[in-house]
Amino acid sequence: LAHWCLHSPQGAMMDNRFATALVIACVLSLISTIYMAASIGTDFWYEYHTLSPAENVSEAGRTIWEEFVSKDADEKTYTDALFRCNGTVGLWRRCITVPKNSHWYSPPAFSFFPPPETDMTTNCISFSLSDQFAEKYIEPGNHNSGTDLNRTYLWRLQFLLPFVSIGLMCFGALIGLCACACRSLYPAIATGVLHFLAGLCTLGLVGCYVAGIELLHRKLPLPEDVRGEFGWSFCLACVSAPLQFMAAALFIWAARTNRKEFTLLKAYRVA
């Protein structure tokens, strides 16, 4: 974009400040898009760490996994499994750590040999589209307790907002390409506005996710031996928002300032 603008009629009057701002804005936009795509596609938005996941799984046998993958698994069922099995939750999937072998080892009551170490693996189940838009209940798992509107709409927003953010940035990039074809810097203002709106969507996504997790843990408190924390996928989304705002500011500043200087210079020449 900066290269084309430098060779445009207005670009002849554009100094290196605007070209540098456009290059930095494009780099920030690209990085934020990569971060957003990575955060959407990974499952480490929130992580649960238990003291002894293998023992917890062995105690319940196959029941935990069968309930976790069941189509009828409600919010309380799979959340309890996440607590007990070192679970992770993403925007699209939920995962738990289970023994790798098909059988479940149960050591004998009396043995002179230590039990073998259990190989663990992470298995994931995707949220269906109906799960994403399903109602959340005031008492998780109790369909007769009424609909919790706050958690319901927070969950839906955290599913929709990242795609809106990505779409706005892609549309902004398309406008930037059109600006290159027209050899004009002024459309970069629209690109900056779209990046600003994308940043608001990303910021809203982060806020909705944090609020949703906090409300869920009020309904289903963490057990004493379980520790919960936000994962690196969530951190990528948090970093993406300020990058989008910075790119928006640079796009708008470069376009408006260059346009203003070009107008003043043109008026000076006419005079």
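## Charges over rings

Arg94 lies over the face of Tyr78, 4.4 Å from the ring centre. A charge sits over a ring if NZ of Lys or CZ of Arg is within 6 Å of the ring centre and within 35 degrees of the ring normal.

The model is predicted: local features need pLDDT of at least 70 and side-chain atom pairs pLDDT 80 or more, while totals for chains, interfaces and linings use all residues. Residues are numbered from 1 along each chain as its sequence is written, and side-chain values use heavy atoms, without hydrogens and water.

## Aromatic pairs

The whole structure holds 16 aromatic pairs (rings of Phe, Tyr and Trp, the last by its six-membered ring, with centres within 6.5 Å; planes under 30 degrees apart are stacked, over 60 edge-to-face, the rest tilted). One of them joins Tyr46 and Phe230 edge-to-face, with 5.0 Å between centres and 90° between planes. Tyr46 belongs to strand S1 (residues 46-50) and Phe230 to strand S5 (residues 226-230), 184 residues apart.

Tyr46 counts as buried because its relative accessibility is 6%, whereas Phe230, at 30%, is partly exposed (buried is under 20% relative accessible area, exposed over 50%, partly exposed in between; 1.4 Å probe, protein chains only). Ring pairs connect Trp45, Tyr46, Tyr48, Phe83, Tyr209, Phe230 and Phe234 in a cluster.

## Overall fold

The protein chain contains 9 helices and 5 strands (DSSP runs numbered from the N terminus: H or I of at least four residues, E of at least two). Of its 271 residues, 41% count as buried.
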